[in-house]
Amino acid sequence: MPSSEAALRPPTQKHVEDYGVDRILPLQQPVGHTMYGVAFNNVDPRYSNVFACVGGEKARVFVVDAEPESDPPKGSDGERRPERSGTVDQRAKPLFRLVQEYVDGRGLVHVPDGQGGERGERGEEYYCCAWSCAANGDPLLCFGGKLAIIKVVNYERREVCSALQGHGMEINEIKPHPTKFGIILSTSKDQSVRVWNVQTSTVVMILAGLDGHKAAVYTADFHQREGTLIASGSEDHTTKIWDLSGHQDLVDLSFKWYGDKGPPGSFPTAYIQTPTFSTVPHDNYVDCVCWHGDLLLTKCTQGHIILWRPEHGAGGAKDGALPLKTFKMDHLGIFFMKFSTCASDPHQPLVALGNCVGKVLVWEVEGGGMAPKEVMRMTVGTKGGGKPRGIIRQTSFSWDGRHLACVTEEGKVCLWRIKS
């Protein structure tokens with residue numbers, strides 16, 4: 001596998017005119033460059049107005065400009081609307097700027113065509129991104145995809161600081177640890193979940209093997225309380241829970257594994273082959289999973305999100321999932337369309353999902369019985385106010401819940417400001 005650091009061109013800074021029309025910043029990409037991943041920096045509140053997106057051979061970083069001061073709109077009776085109305089502020093149009101762009105310089109590579117010849121194929125294609133933190137507090141952008149290499153970029157220094165290699169096939173998701181900044185997880189088509197320390201470039205744990213997933217792992221998430229549990233979802237239709245509590249000494253050791261301890265490859269990586277829980281909550285690929293307290297939100301390619309409680313089997317019984325709520329959405333049916341959650345208001349946690357016709361729905365997770373309450377609905381149009389369109393691959397809430405971003409298959413990055 002070629003070195004990624006040598007092939008990745010130095011970061012360039014570009015300025016983009018402020019776009020206020022329809023709250024959409026269209027990125028003019030070559031045909032076929034799908035935008036797959038988007039992530040606000042929810043690790044460090046100092047950078048909560050920074051988000052990144054990935055697609056094709058590029059990773060881009062945006063900054064949301066300060067919001068213009070404006071009075072809340074009045075209702076028909078002349079009274080001010082409640083501060084939290086559960087609607088999108090259509091009048092205020094957030095502005096955001098492209099400030100950094102990272103490009104993989106491989107271009108086309110030649111691969112066998114199966115008929116004795118070769119064909120040109122794009123070298124790298126990024127599918128996912130997430131934020132972490134350097135030892136000195138600088139934000140780190142981590143992104144990966146087709147070539148199974150996680151690039152780690154220092155946002156402040158504007159340079160690639162490491163490239164993490166270990167997965168055998170494409171990387172589908174990256175998530176940060178909720179309390180130990182510098183720790184991330186990644187999922188891969190090689191049927192594994194890996195836990196990394198990006199500060200020391202060490203592989204802390206590998207979750208795969210005997211009782212692990214039997215097909216591509218599309219998604220995983222740390223438990224948000226302590227990060228000692230990981231939930232993962234796979235093409236094999238299963239959702240598994242992995243207990244990391246017995247290996248926290250390795251997590252702590254990984255922060256001290258610098259040159260005097262030996263190279264990163266000599267780290268005593270833990271191999272966990274048996275999850276503590278495994279069930280089949282959907283009858284199709286599980287492509288998105290997220291913890292909600294001790295409950296789980298999962299989605300499959302059929303489109304529905306289910307909130308459920310893990311039921312551990314006893315006395316030889318199989319593990320099971322107790323459904324509590326179903327979030328239904330039309331015009332879904334392809335995989336790798338990911339939702340996001342927001343818990344900035346603990347009394348009104350939210351979940352947002354986009355579909356194949358340019359619509360984004362936001363629901364309240366709590367309350368409402370089995371039928372969740374839809375609180376917002378947005379559409380991705382055009383600058384001229386055209387019809388909604390676009391396959392929305394992923395959404396992301398900002399740390400304070402005031403902004404929601406999404407990326408589309410057509411190469412657009414969209415941002416809404418939500419009334420607080």
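What follows is a set of questions about labels and the values behind them.

Mentor: Ground rules come before labels. This is a predicted model, so local features need pLDDT of at least 70 and side-chain atom pairs count only at pLDDT 80 or more, while totals for chains, interfaces and linings use all residues. Residues are numbered from 1 along each chain as its sequence is written, and side-chain values use heavy atoms, with hydrogens and water left out.

Trainee: What makes E21 and E24 edge strands?

Mentor: Strands are DSSP runs of E of at least two residues, numbered from the N terminus (helices are runs of H or I, at least four residues). Two strands pair if DSSP finds at least two bridges between them. Here four strands form an open antiparallel sheet in the order E21-E22-E23-E24. E21 (286-292) and E24 (320-327) each pair on one side only, and that puts them at the edges.

Trainee: How do you know that E21 and E22 pair?

Mentor: Count bridges. The rule asks for at least two. E21 and E22 (residues 295-300) have six, in the antiparallel sense. Val-289 stands opposite Thr-298 in E22.

Trainee: Why is the contact of Asp-287 and Lys-299 called a salt bridge?

Mentor: The term requires a side-chain nitrogen of Lys or Arg within 4 Å of a carboxyl oxygen of Asp or Glu. For Asp-287 and Lys-299, the N to O distance is 2.9 Å, so the pair meets the cut-off. Asp-287 is in strand E21 and Lys-299 in strand E22, twelve residues apart. Both are buried.

Trainee: How many salt bridges does the rule give?

Mentor: The count comes to 13. One of them joins Glu-101 to Arg-60, with the closest N and O atoms 3.2 Å apart. Glu-101 lies in strand E5 (residues 96-103) and Arg-60 in strand E4 (residues 58-64), so this pair ties together parts 41 residues apart in sequence. Both residues are buried.

Trainee: Why is Asp-294 called partly exposed, and Arg-225 exposed?

Mentor: Set each value against the scale. Buried means under 20% relative accessible area, exposed over 50%, and partly exposed in between (1.4 Å probe, protein chains only). Asp-294 is at 47%, so it counts as partly exposed. Arg-225 is at 54%, so it counts as exposed. These two also form a salt bridge, with the closest N and O atoms 3.4 Å apart.

Trainee: What makes the phi of His-331 and the phi of Phe-336 worth a note?

Mentor: Most residues other than glycine have a negative phi. Phi of His-331 is near 60°, and phi of Phe-336 is near 65°. Both values are positive, in residues other than glycine. His-331 is in the loop between E24 and E25 (340-342), and Phe-336 is found in the loop between E24 and E25. His-331 is partly exposed at 49%, whereas Phe-336 is buried at 5%.

Trainee: What makes a set of grid points a pocket?

Mentor: On a 1 Å grid over the protein atoms alone, a pocket is an open set with protein on both sides within 12 Å along at least five of seven lines; in a cavity, a 1.4 Å probe fits but cannot get out. The largest pocket has a volume of about 1,100 Å³. Lining residues have an atom within 4 Å of a point. There are 46 of them, and those closest to the centre are Asn-42, Asp-221, Gln-224, Cys-290 and Thr-341.

Note on methods: Grid points are joined across faces, edges and corners, and a volume is the space filled by probe spheres set on the points.
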